[in-house]
4 protein chains.
Amino acid sequence: MNTLGIAVIGTGKMGADHVRRIGDTVGGARVVAVADAVADPDGDRAKAVAAGVEGAAAFTDPAAATAAPGVDAVLIASPGPAHEEAILHALERELPVLCEKPLTPDPEGALRVLEAERRVGRRLVQVGFMRRFDAEYERLKELLDAGGIGRPLFLHCRHRNASSPSFFTSDMLISDSVVHEVDAARWLLGQEVTAVTVLSPRPSSAAPEGLSDPRLVLLETSGGAIVDVEIFVNCGFGYQVRCEAVGESGSARIGDGHAMVVESAGRWGGEIAQDFTTRFADAYDRQVRRWVAAAARGRVDGPDAWDGYAAAAVSEAGLAAGRSGVRTEVRLVERPELYR
Amino acid sequence: MNTLGIAVIGTGKMGADHVRRIGDTVGGARVVAVADAVADPDGDRAKAVAAGVEGAAAFTDPAAATAAPGVDAVLIASPGPAHEEAILHALERELPVLCEKPLTPDPEGALRVLEAERRVGRRLVQVGFMRRFDAEYERLKELLDAGGIGRPLFLHCRHRNASSPSFFTSDMLISDSVVHEVDAARWLLGQEVTAVTVLSPRPSSAAPEGLSDPRLVLLETSGGAIVDVEIFVNCGFGYQVRCEAVGESGSARIGDGHAMVVESAGRWGGEIAQDFTTRFADAYDRQVRRWVAAAARGRVDGPDAWDGYAAAAVSEAGLAAGRSGVRTEVRLVERPELYR
Amino acid sequence: MNTLGIAVIGTGKMGADHVRRIGDTVGGARVVAVADAVADPDGDRAKAVAAGVEGAAAFTDPAAATAAPGVDAVLIASPGPAHEEAILHALERELPVLCEKPLTPDPEGALRVLEAERRVGRRLVQVGFMRRFDAEYERLKELLDAGGIGRPLFLHCRHRNASSPSFFTSDMLISDSVVHEVDAARWLLGQEVTAVTVLSPRPSSAAPEGLSDPRLVLLETSGGAIVDVEIFVNCGFGYQVRCEAVGESGSARIGDGHAMVVESAGRWGGEIAQDFTTRFADAYDRQVRRWVAAAARGRVDGPDAWDGYAAAAVSEAGLAAGRSGVRTEVRLVERPELYR
Amino acid sequence: MNTLGIAVIGTGKMGADHVRRIGDTVGGARVVAVADAVADPDGDRAKAVAAGVEGAAAFTDPAAATAAPGVDAVLIASPGPAHEEAILHALERELPVLCEKPLTPDPEGALRVLEAERRVGRRLVQVGFMRRFDAEYERLKELLDAGGIGRPLFLHCRHRNASSPSFFTSDMLISDSVVHEVDAARWLLGQEVTAVTVLSPRPSSAAPEGLSDPRLVLLETSGGAIVDVEIFVNCGFGYQVRCEAVGESGSARIGDGHAMVVESAGRWGGEIAQDFTTRFADAYDRQVRRWVAAAARGRVDGPDAWDGYAAAAVSEAGLAAGRSGVRTEVRLVERPELYR
């Protein structure tokens with residue numbers, strides 16, 4: 001088996017982290033090309049990232065990186081608006097793609113990606129919903145699939161960040177944060193989301209002026225289940241991702257994070273992880289390892305372009321629901337043959 | 001201090017249990033009169049209950065029991081529709097009352113009770129929302145009042161029964177079950193409920209035909225908090241009452257019930273209580289003990305008639321929301337001076 | 001049923017607390033006499049305690065209190081060395097006794113109590129090992145008795161105090177603290193303790209100079225089980241009493257105390273109770289309520305004088321083991337007919 | 001960086017698992033030679049294992065495998081008695097070694113390994129105490145090193161297997177099982193073990209005839225701490241490895257394994273892993289990844305030959321203590337300069 005040559009598009013925190021990951025913990029792959037997505041005319045950031053990797057070249061243009069010699073697959077970690085173009089470049093060359101979420105910022109772009117894959121004739125695009133590779137989520141999925149708690153009725157989800165970056169908007173609570181629960185819910189339940197309602201309590205005083213944080217997002221699904229998501233991106237105390245599935249004969253909860261219990265000074269308990277790189281470190285590693293193995297065989301092993309499209313469609317409805325305060329239905333095109 | 005003589009109205013499960021409780025674990029009180037609320041012309045049930053208590057007389061008529069010699073206070077454990085009349089009889093005699101929830105089935109009856117108390121000129125009626133006397137709820141209330149997690153933003157509540165009695169209706173999930181969360185939320189937050197939304201997933205196959213079980217009930221409050229309640233009365237696996245309060249700087253959760261952890265046959269964990277008499281045994285005891293102490297001083301020590309009225313008003317809005325599927329506002333009369 | 005008249009001997013923290021308890025939460029009983037055990041020639045402390053109770057008289061002499069009119073039973077909460085005399089006074093009058101642990105400081109005194117009971121011809125003395133009335137211990141006992149985890153092989157016990165009083169000695173870690181585990185182990189297992197070994201790590205720097213704290217006390221039992229007790233009376237962080245029973249087919253653990261879980265400032269967890277009055281409040285209440293009910297029938301409902309004797313004998317062996325550093329066997333007299 | 005060529009000695013369960021691991025999840029390394037340790041004259045087992053790996057050759061003789069072209073490092077997973085010879089072969093060629101525990105079955109063999117390393121002049125041998133690479137143990141170690149709970153006083157350890165293999169002996173509870181706690185304790189505390197005591201309760205009826213299972217093993221350390229280990233290799237309900245460290249100002253516990261909590265049929269709780277490959281899967285992966293990275297630089301990154309020697313010396317004392325029933329001191333040679 002030859003080593004898979006990867007072009008990494010995007011040189012921010014996520015891109016650099018993927019470059020490090022491929023070098024450190026992913027066997028059978030190496031980074032051969034690095035490019036920033038946008039606004040890096042001299043390619044300085046790409047050069048800095050590539051400098052740490054033997055045999056990796058820096059490019060000022062994503063298309064050139066994708067077309068570089070030895071590139072067998074493309075990992076896209078650029079900002080969302082740059083995804084569509086980078087994916088289309090890769091599909092033109094029939095290269096496997098791992099694209100950080102969102103696939104595209106809106107459903108229309110995602111439909112164009114679906115159309116491009118249809119022309120290629122096989123699924124090449126995987127979306128970076130890494131929760132599907134988390135050990136706890138995998139156990140929950142197995143339990144649900146095995147009927148361990150009967151038909152699912154509710155998913156009660158909590159998604160909390162210690163604080164949000166300065167550019168975060170009320171829309172992004174839904175399109176950037178809850179989108180993870182949208183995919184997790186679709187995957188865990190094997191159902192599509194059909195409607196969204198958003199309730200917004202009086203914002204936390206810890207939230208920046210104008211940010212509607214926290215919110216309660218309610219998803220209805222094609223199988224009659226209800227998903228409620230508390231999204232709270234300035235909770236102050238840490239990063240928490242929890243999910244309780246309630247079924248007809250039992251419930252199951254993940255995300256409590258009880259690895260070590262400490263007792264001191266009148267309190268028992270443990271630490272709360274401060275960000276997703278701690279909580280989901282293994283999931284990111286496993287995602288890329290499995291993508292590399294699948295890409296070497298020309299396959300997708302994880303959420304595909306349809307999953308990216310569906311998430312974008314739910315996001316769009318969620319944004320409308322958040323602005324209007326009323327229940328908003330989700331509209332999906334018919335699912336193409338390729339994704340059934 | 002003389003022993004408080006109590007008339008118990010209602011001879012069903014709750015009434016008989018209160019009679020036992022007063023004899024066993026409540027100092028300073030004794031049952032002197034017992035009457036069934038309705039349809040017991042020969043008073044057989046009352047006789048059976050009274051037979052176990054030295055010095056207790058059985059009556060066929062609640063009014064007669066209330067008027068019996070030695071009656072200092074009245075405990076009402078009859079069905080909801082019989083509450084109003086029994087309370088009014090007691091108020092005519094200016095006797096302290098402990099009335100099982102609901103105070104009355106609808107807000108109109110509760111308003112008549114408020115008016116009767118106004119005529120007496122002091123608060124004499126306490127409603128049996130016993131969760132306020134549960135040790136875990138008390139700790140949560142203390143934490144919230146002390147600002148331990150900042151201003152509350154969410155209460156995430158779970159209320160599950162192993163199975164529902166045969167007469168249970170979809171309305172009763174709200175008026176008989178969620179009403180406990182309505183009172184708990186009002187008390188924990190110190191706020192009124194302003195609107196109700198009800199979402200109903202596809203019913204569990206374990207629910208009787210026609211019963212909309214489970215449901216997700218969403219309450220909005222005057223202080224801008226949101227309360228979500230999963231009510232599931234045929235969950236099959238036990239009785240669970242949980243509440244997670246999420247505030248601006250932390251969260252707190254009660255009801256996990258981790259008293260004993262057992263490890264065997266490949267599983268770790270514990271038992272789930274099968275009904276409320278186990279989970280809230282201490283709360284019932286403490287409620288009656290504190291009511292007896294307060295009644296001996298002519299006072300109320302717990303949820304009062306206004307709390308009963310507010311719960312009835314929220315219930316009414318909840319029933320409308322459950323039937324219509326849309327958000328329904330709660331209308332309250334102005335709070336009388338007596339209850340401020 | 002008449003109200004049980006109780007003489008309380010001992011006016012320290014425990015005595016005063018029992019007087020309060022009988023007034024507040026124990027139905028069917030009242031305090032009629034109070035005496036300090038020793039060194040209270042003017043009876044000022046007894047007067048202070050009695051002053052708060054209607055109908056209670058203060059005495060300067062325990063014997064006089066026991067002999068006072070209306071005394072039906074005696075509760076002894078004086079220091080250990082005063083127990084024997086007070087018990088013998090009560091037995092002369094054939095009065096039921098609840099005696100705080102230890103029954104007596106040494107096995108010889110306990111044997112004299114056994115002999116006095118033999119002369120009376122029935123069991124009248126109960127020892128205040130209140131853990132037997134704790135809800136968690138009761139559940140553990142039920143589980144063991146039902147064979148829920150098979151034949152018990154180990155009890156792993158933790159007994160921690162935030163700090164020890166100034167008069168505490170290395171011996172008292174065994175005779176005053178571990179003695180609770182001695183009784184709990186005998187009761188849970190239904191076996192006698194046959195040998196004791198004590199290991200002493202380098203003392204904690206938080207322990208007062210000269211105090212061998214913490215220690216690990218190992219008990220062997222007649223049924224071939226082993227009990228290890230970590231006793232740590234200056235742990236600094238709170239009061240913790242835990243017990244894990246390991247059987248042939250499972251294990252069970254109590255004492256984790258997970259009533260409320262709080263998440264804030266990067267930590268999840270809960271409070272640790274700071275002393276036994278919090279942790280065992282209900283157990284103390286229940287112990288006295290059940291003793292009152294049993295005493296009214298002339299019976300013992302809890303650990304009896306034999307249990308007090310056995311604990312004293314194990315204590316004595318434990319003190320020797322602690323001083324010598326080697327395994328020390330426990331010697332018991334043959335169990336009299338009365339206690340079989 | 002070139003790929004590290006590894007010879008794997010031993011073709012049993014562990015050896016085959018390491019071969020799989022190097023292929024699947026360890027970047028920068030590949031298996032180039034495989035040999036069984038003993039009694040495989042035709043090399044059939046080695047051929048079977050090598051067959052699955054591109055470029056790997058099978059050998060009938062460990063020495064030949066070690067001397068094969070392209071071998072940069074040696075991983076030894078043969079039975080304990082074969083370790084010494086295989087290590088000495090590798091040291092003759094100055095190759096880095098990862099040797100499964102025990103380093104050697106007795107301290108004398110380990111001393112010969114130390115002497116061989118001394119001749120080479122640098123540390124090349126790492127012992128497979130994989131717990132040091134487990135995320136929970138690492139967090140506990142960090143906490144202890146940071147003084148998070150003060151100076152450690154106790155380690156309370158539980159080590160349970162669902163059942164033991166047919167060849168397991170009473171000695172092996174100590175030399176094969178508790179040896180993991182011996183290394184973990186030395187590493188966590190940074191202290192040597194100075195004495196061992198073994199208490200044996202009446203064996204579980206689930207243990208094979210003649211096997212003294214379970215046992216309680218007590219270690220004393222050079223810093224005055226005490227380590228108690230419950231070893232129970234036929235507990236029936238699963239594989240559990242727990243450690244509670246108790247320090248002067250707090251305690252910390254790992255190994256509860258609360259990843260997913262399920263509620264059904266009257267019980268809450270989770271699964272117990274059935275063997276070490278589940279519980280320590282990540283630790284094994286990380287151990288080999290870090291050894292590969294260190295070996296490529298000619299270094300050891302983990303427990304070294306001195307750790308292997310010390311564990312063998314404690315084991316030897318433990319076996320004597322288990323047979324005699326009395327406390328047995330551990331004798332260590334002076335620590336050579338190379339290991340300070």
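How many residues does the contact take from chain A and from chain D? The contact takes 28 residues from each of the two, chain A and chain D. The views below show a predicted model.

**View 1. Chain A and chain D are related by a rotation of 180°.** The shift along the axis is 0.0 Å, and the superposition has an RMSD of 0.1 Å. This is the relation of a two-fold axis. Gly27(A) has the C-alpha nearest the axis in chain A, at 2.0 Å. Both copies use the same surface: 100% of the contact residues of chain A recur in chain D.

**View 2. About 2,200 Å² is buried between chain A and chain D.** Carbon and sulfur atoms give 45% of that area. Arg139(A), Arg253(A) and Met260(A) supply 27% of what chain A buries against chain D, more than any other three residues.

**View 3. Two salt bridges are counted between chain A and chain D.** In one salt bridge, Arg139(A) meets Glu271(D), with the closest N and O atoms 3.5 Å apart. Four residue pairs are in polar contact across the interface. On the side of chain A that touches chain D, helix 6 (135-145), strand 12 (250-254), strand 13 (260-264) and helix 9 (281-295) each supply at least two residues.

**View 4. Six strands of chain A form an open, parallel sheet.** Their order is 3-2-1-4-5-6. Strand 3 (57-59) and strand 6 (125-127) stand at the edges with a single partner strand each, so one side of each has no neighbour in the sheet. The twist averages 25° from one strand to the next.

**View 5. Strand 1 (residues 4-9) and strand 4 (residues 73-76) of chain A run parallel.** Four bridges join them. Ile9(A) stands opposite Ile76(A) of strand 4.

Technical notes: Residues are numbered from 1 along each chain as its sequence is written. Chains are lettered from A and ligands numbered from 1 in the order in which they are written. This is a predicted model: local features need pLDDT of at least 70, side-chain atom pairs count only at pLDDT 80 or more; totals for chains, interfaces and linings use all residues. Side-chain values use heavy atoms; hydrogens and water are left out. Copies are superposed by least squares on the C-alpha atoms of residues with pLDDT of at least 70 in both. Contact means heavy atoms within 4.5 Å. Two strands pair if DSSP finds at least two bridges between them. Axes are lines fitted to C-alpha atoms, for helices over the stretch in contact, and angles run from 0 to 180 degrees between N-to-C directions. Buried area is the accessible area (1.4 Å probe) that two parts lose on being put together, summed over both. A salt bridge is a side-chain nitrogen of Lys or Arg within 4 Å of a carboxyl oxygen of Asp or Glu. A polar contact is a pair of N or O atoms within 3.5 Å; within protein, one must be able to donate a hydrogen and the other to accept it, and residues adjacent in sequence count only if both atoms are side-chain atoms.
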